[in-house]
Amino acid sequence: EVEEPEPRVAEGMSALLNFQSFLTCVLLFICTSTYLKSQRPSMFREKKPGLFSLVYKGAVIGTRLSPWVSASCLLMAAWTLFF
């Protein structure tokens, strides 16, 4: 019988401690909040305290820097697929 090696997993690492995973989470958050703003603009009419304020700021970043965000998403996708 041939034993298959176990996959190497960084034990105890969360997505916020790994820089590549952190960037992926930030890009996904910005893209998601921008998409939510385009689908439900009534949620973003006024600045609300708490989590909605953070989502509002992510949507503003995604709207104003959309070419840079999309280029970052493409770069991150290529990096994830090929490296």
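A patch, as the word is used here, is made of residues with over 30% relative accessible area and no salt bridge, where like charges are joined within 9 Å and nonpolar side chains (Val, Leu, Ile, Met, Phe, Trp, Tyr) within 5 Å; a salt bridge is a side-chain nitrogen of Lys or Arg within 4 Å of a carboxyl oxygen of Asp or Glu. Accessible areas come from the Shrake-Rupley method with a 1.4 Å probe, and for residues only the protein chains shown count as cover. In this structure, Phe19, Phe22, Leu23 and Val26 make a nonpolar surface patch of about 340 Å².

The model is predicted, so local features need pLDDT of at least 70 and side-chain atom pairs count only at pLDDT 80 or more, whereas totals for chains, interfaces and linings use all residues. Residues are numbered from 1 along each chain as its sequence is written, and side-chain values use heavy atoms, with hydrogens and water left out.

**Overall architecture**

- The protein chain has three helices and zero strands, these being DSSP runs numbered from the N terminus (H or I, at least four residues, for helices; E, at least two, for strands), and its elements run α-α-α from the N terminus on.
- Taking contact to mean heavy atoms within 4.5 Å, 61% of the contacts in the protein chain between residues at least 6 apart in sequence join residues at least 24 apart.

**Helix 2 and its cover**

- The 14 residues of helix 2 (residues 51-64) should span 20 Å at 1.5 Å a residue, and the end C-alpha atoms are 20 Å apart, which agrees; the expected span is 1.5 Å times one less than the number of residues.
- Val55, Gly58, Ala59, Val60 and Gly62 are the buried residues of helix 2, and what covers them includes helix 1 (19-39) and helix 3 (66-82).

**Residues of helix 1**

- Phenylalanine 19, a member of the nonpolar patch, is placed in helix 1 and counts as exposed because its relative accessibility is 58%.
- Serine 33, also in helix 1, has a relative accessible area of 1% and is therefore buried; leaving aside neighbours within four places in sequence, serine 33 is in contact with Phe44, Val55, Gly58 and Ala59.
- Lysine 37 has its place in helix 1 and, at 28% relative accessibility, counts as partly exposed; with neighbours within four places in sequence left aside, lysine 37 is in contact with Phe44, Ala59 and Thr63.
- The C-alpha atoms of lysine 37 and alanine 59 are separated by 6.5 Å, although the two residues are 22 residues apart along the chain.
- Threonine 24 lies in helix 1 and counts as partly exposed at 26% relative accessibility, while threonine 80, 56 residues apart from threonine 24 in sequence, is 9.6 Å apart from it in space, C-alpha to C-alpha.

**Aromatic pair**

- The structure holds one aromatic pair, formed by tryptophan 79 and phenylalanine 83, which is tilted, with 4.7 Å centre to centre and 35° between the planes.
- Rings of Phe, Tyr and Trp (its six-membered ring) pair if their centres lie within 6.5 Å, and planes under 30 degrees apart count as stacked, over 60 as edge-to-face and the rest as tilted.
- Tryptophan 79 counts as partly exposed at 44% relative accessibility, whereas phenylalanine 83 counts as exposed at 69%.

Methods
Buried < 20%, exposed > 50% of the residue type's maximum accessible area, 1.4 Å probe, protein only.
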